[in-house]
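Please examine the chain shown below before reading on. The report that follows is written for a reader who is new to protein structure.

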Amino acid sequence: MGISILGLEELYTYFKQHFDISDKDWELFSSHLKQRDFGKKQLVLAANSVESHLSFISEGAVRLYIPKEDDELTFGFVFAGSFVSAYDSFLTQKPSPYAIATLTKSVLWQISHSDLEKVYNTTEIGNFIGRKASEELFLKKSKRELSLLNETAEERYLKLFEERPELIREIPLKYLASYIGVTPQALSRIRRRIS
């Protein structure tokens with residue numbers, strides 16, 4: 001599989017804007033990145049597997065979910081331009097109780113746990129990148145928890161729709177319903193009410 005230069009250039013621009021990474025540090029960091037192309041509804045990480053990568057989504061969208069015997073509980077969506085990882089598993093190197101799967105055709109740039117440690121130890125910017133990635137993942141988690149405690153299902157749906165309306169149309173109703181904590185039928189009623 002060839003490397004998508006355009007994707008790597010976009011990632012460089014992102015890192016330059018957000019981290020002011022030097023060309024030397026970028027060269028070392030990017031030398032450890034691996035591009036992975038995923039089809040729609042493809043597993044990125046299976047439940048009960050150890051997360052060995054921190055990923056940056058350059059194209060597409062993924063969902064985080066807990067597989068259940070009779071259904072799945074979707075608890076997160078992550079879109080292009082963001083980091084994604086089963087970060088608790090990545091940090092502890094213990095199996096993740098949840099899975100990550102693509103919603104759309106997606107391109108992820110991944111760095112392994114061991115390579116990220118090398119970057120931390122050999123670059124000026126490494127720890128800053130790690131800190132920013134963990135802060136971004138923590139803020140998403142915190143936002144989700146506060147949303148569940150303080151907002152109605154309709155408010156959660158509207159906020160998600162405001163964030164990425166072009167992608168919400170591609171997410172199956174059952175995943176959206178699970179994410180906002182209602183049945184697909186209740187979400188259909190919410191959509192009718194607000195349209």
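The sections below go from the chain as a whole to individual residues.

The structure is a predicted model. The mean pLDDT of the chain is 88, and 96% of its residues reach a value of 70 or more. Residues 1–5 have a pLDDT below 50. In the model, this stretch makes eight contacts beyond its near neighbours in sequence. Where pLDDT is low, the predicted coordinates should not be read in detail.

## Overall fold and dimensions

The chain contains nine helices and eight strands. Its radius of gyration is 17 Å, close to the 16 Å given by the globule rule for 195 residues, and the chain is therefore as compact as a globular protein of that length. Along the principal axes, the C-alpha trace spans about 55 × 35 × 35 Å.

## Surface, burial and charge

Of the 195 residues, 45% count as buried. The accessible surface of the chain comes to about 10700 Å², and carbon and sulfur atoms account for 53% of this surface.

The chain carries 26 positive and 27 negative charges. The mean position of the positive charges and that of the negative charges are 6 Å apart.

## Residues in helices

Asp25 is found in helix 2, which covers residues 23–31. Is Asp25 buried or exposed? Asp25 has a relative accessible area of 8%, under the 20% limit, and so it counts as buried. Leaving aside neighbours within four places in sequence, Asp25 is in contact with Thr123, Glu124 and Ile125. By contrast, the C-alpha atoms of Asp25 and Lys68, which are 43 residues apart along the chain, are separated by 43 Å.

Helix 5 covers residues 126–150 and includes Ser134; Leu148 is found in helix 5 as well. Ser134 has a relative accessible area of 23% and is partly exposed. Leu148, at 42% relative accessibility, also counts as partly exposed. Each of these residues can be paired with a residue elsewhere in the sequence. Leu148 and Ile180 are 32 residues apart in sequence, and their C-alpha atoms are 7.8 Å apart in space.

## A residue in a strand

Phe79 lies in strand 5, which covers residues 72–79. At a relative accessibility of 6%, Phe79 counts as buried, because the value is under 20%. The C-alpha atoms of Phe79 and Ser106 are separated by 9.5 Å, and the two residues are 27 apart along the chain.

## Loop residues with positive phi

Which backbone angle deserves attention at Asn48? Phi of Asn48 is near 70 degrees, a positive value in a residue other than glycine. Asn48 is placed in the loop between strand 2 (43–45) and strand 3 (53–59). With a relative accessibility of 64%, above the 50% limit, Asn48 counts as exposed.

Gln93 also has a positive phi, near 60 degrees, and is likewise a residue other than glycine. Where does Gln93 lie? Gln93 lies in the loop between helix 3 (87–92) and strand 7 (99–102). The relative accessibility of Gln93 is 33%, and this residue counts as partly exposed.

How values were computed: Residues numbered from 1 in each chain as written. Predicted model: local features only at pLDDT ≥ 70, side-chain atom pairs only at ≥ 80, totals over all residues. Heavy atoms only, no water. Helix = DSSP H or I, 4+ residues; strand = E, 2+ residues; numbered from the N terminus. Rg over C-alpha atoms; globule rule 2.2 N^0.38 Å. Buried < 20%, exposed > 50% of the residue type's maximum accessible area, 1.4 Å probe, protein only. Areas by Shrake-Rupley, 256 points an atom, 1.4 Å probe, with all protein chains shown as cover. Lys, Arg positive; Asp, Glu negative; His and termini not counted. Charge placed at Lys NZ, Arg CZ, Asp CG, Glu CD. pLDDT = per-residue confidence, 0-100. Contact = heavy atoms within 4.5 Å.
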